[in-house]
Amino acid sequence: MTAAKTLHNKGILLLLMTTLIWGTSFPLLKQMMGSISPSAILAVRFGVAAIAFLPWLRRLNMSLIRDGVLLGFVYFAECTFALIGLETISANRSAFVVSLNVIFVPILASLLGQRLPSRILVAAGVAIAGIGILSWEGGGLNRGDFLTFGCAIGIAIYILLLEWITPRHPTQPLVAVQLLVMALLSGAWALPQLTTQIGEIANHFYVLLYLGLVVTATPIWTQTLAQRWISAHEAALLYTFEPVFAAIFSFWLLGEALGVRGFLGAGFILFATFLSQSQHKLR
């Protein structure tokens, strides 16, 4: 096995681990929404993550700071849309809408002039069908759906930006700048509410600590590292495992149903991932 193939496989494993971690966040966030505002959740979550990466805020240059600020702003926006949207839709449904980024990544890439193999476009279609079978619960669209839809577009933009930016900078300092920007933005947004919710924040401290260190700091690091070796469209397809794990954890923690439809949808997603890794282009 060549060194490039080894790194490619390492990137796949890192992103699969990332989707597993993300899958745990939907039910945990849904449980906290009734007692803590979205702005306070993000402020504590991003603040904890930024503190963990403070040692790498050294040896910066203007190019790295500029790119880190851009990535941090996009990540903050996508998380904000998803969290506010989660106030009015279920964890399963949120995971489905978020995963629509698998369609937006090739669309945006095509608009930017990239030519993708046919198998990637077919795999994206199979994946989105699987996500729909897995997670869609029916009912009309509401404000939460549209906000979460905005999150999916933001994720697609973030994935494409990572493909362009990550080869230009060391990983940890780039992550540190992103997290600092996210912490400052969320802190400014939540400042009027933090003092009034300090009691509830203390009650959920360990969950917020988990969200900061495990669900935020770790995935941003693994994403930034993995996309040195994984293309943007491959990353988007691997992220379709997120609603699979979200459905499992939502069933376990919230009692949201996971039956035959859920397993069938997961099978579609697994097939799409294997299809995307096929070396034979479809005619």
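What does the accessible surface of the protein chain come to, and what share of it belongs to carbon and sulfur atoms? In this predicted model, the accessible surface comes to about 12,500 Å², and carbon and sulfur atoms account for 71% of that area. The protein chain has 283 residues, of which 55% count as buried, and its secondary structure consists of 13 helices with zero strands.

**Overall architecture**

- Read along the sequence, the chain follows the pattern α-α-α-α-α-α-α-α-α-α-α-α-α, in keeping with the count of 13 helices and zero strands.
- When contacts between residues at least 6 apart in sequence are considered, 94% of them join residues that are at least 24 apart.

**Helix α2**

- Helix α2 covers residues 38–52, and its 15 residues reach 21 Å from the first C-alpha to the last, which is close to the 21 Å expected at 1.5 Å a residue.
- Because 13 of its 15 residues are buried, α2 is largely enclosed by the rest of the structure.

**A nonpolar surface patch**

- F149, I153 and I157 form a nonpolar patch on the surface, and together these residues have about 220 Å² of accessible area.
- I153 has its place in helix α7, which runs over residues 143–165.
- The relative accessibility of I153 is 31%, and I153 therefore counts as partly exposed, a class that lies between the buried cut-off of under 20% and the exposed cut-off of over 50%.
- As a general point, an α-helix has 3.6 residues a turn, so residues three or four places apart point the same way.

Terms used:
Residues are numbered from 1 along each chain as its sequence is written. This is a predicted model: local features need pLDDT of at least 70, side-chain atom pairs count only at pLDDT 80 or more; totals for chains, interfaces and linings use all residues. Side-chain values use heavy atoms; hydrogens and water are left out. Patches are made of residues with over 30% relative accessible area and no salt bridge: like charges are joined within 9 Å, nonpolar side chains (Val, Leu, Ile, Met, Phe, Trp, Tyr) within 5 Å. Accessible areas come from the Shrake-Rupley method with a 1.4 Å probe; for residues, only the protein chains shown count as cover. A salt bridge is a side-chain nitrogen of Lys or Arg within 4 Å of a carboxyl oxygen of Asp or Glu. Helices (H or I, at least four residues) and strands (E, at least two) are DSSP runs, numbered from the N terminus. Buried means under 20% relative accessible area, exposed over 50%, partly exposed in between (1.4 Å probe, protein chains only). Contact means heavy atoms within 4.5 Å. The expected span of a helix is 1.5 Å times one less than its number of residues.
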